[in-house]
Amino acid sequence: MNDESLRAEVWRTVQALNRAWTTEGEPQKLRDYFHRDMVAITPTDRFRREGRDACVEGWQSFADSVTVHRWEERDEKIQLYAGGQAAVVTYNYTLSCRLGGQALAMAGRDMMFLVREDERWQVVADQFSSFPTS
C-alpha cells in the first residue's frame, strides 16, 4: 500500500472512532480502536488514563453526560513512521452539545499516535485540549 493510501486509511479510522462516541452515541465501539495499552492525556483528568478500559471509560463518561448535536474534524495532518506501521494524526475539532439544560460549543485540537497491529490501526496515545485563550 502506498503512503497516500495508508494516510487515507488512518484518517478513516480516526473519523470512524470519533463518530462512534459522538454522532453514533456508541462509545463502547472505541474498544475496537483503542490499543490495549493506550494512554491518554485529557484536559479533565489530572493524571494520564492508562489502558484501553480506562480510556473507554473516560470517553463513555463524557458521552453519557452530553447530547452531541454536531462533531467536526478539520485541518488534519497524517504523518507516517516505521515504514507505514505507525502514524501521528493531528487535527482541530468543534463539538456542539447539550449538558443538562445548557448548550455548549467546544473547539480544540487533538493529537493521536496510532500503530498498525492485527491488520488494523489502533490508537496507542491521545492528547487533546481546547485552544489557548490567547
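Mentor: Accessible areas come from the Shrake-Rupley method with a 1.4 Å probe, and for residues only the protein chains shown count as cover. On that basis the chain exposes about 7700 Å², with carbon and sulfur atoms supplying 47% of it. This is a predicted model: local features need pLDDT of at least 70, side-chain atom pairs count only at pLDDT 80 or more, and totals for chains, interfaces and linings use all residues. Residues are numbered from 1 along each chain as its sequence is written, and side-chain values use heavy atoms, leaving out hydrogens and water.

Now strand β1, residues 34-41. Helices (H or I, at least four residues) and strands (E, at least two) are DSSP runs, numbered from the N terminus. Two strands pair if DSSP finds at least two bridges between them. β1 runs parallel to β6 (residues 120-130), joined by four bridges. Ile-41 stands opposite Gln-127 in β6. β1 also pairs with β2 (residues 49-50), here in the antiparallel sense, over two bridges. Ala-40 has Arg-49 in β2 as its bridge partner.

Next, the whole chain. Two helices and six strands make up its secondary structure. Their order along the sequence is α-β-β-α-β-β-β-β. Contact means heavy atoms within 4.5 Å. Among contacts between residues at least 6 apart in sequence, 50% join residues at least 24 apart. Of the 134 residues, 40% count as buried, meaning under 20% relative accessible area (1.4 Å probe, protein chains only). The C-alpha trace spans about 50 × 30 × 30 Å along its principal axes.

Conventions: Buried < 20%, exposed > 50% of the residue type's maximum accessible area, 1.4 Å probe, protein only.
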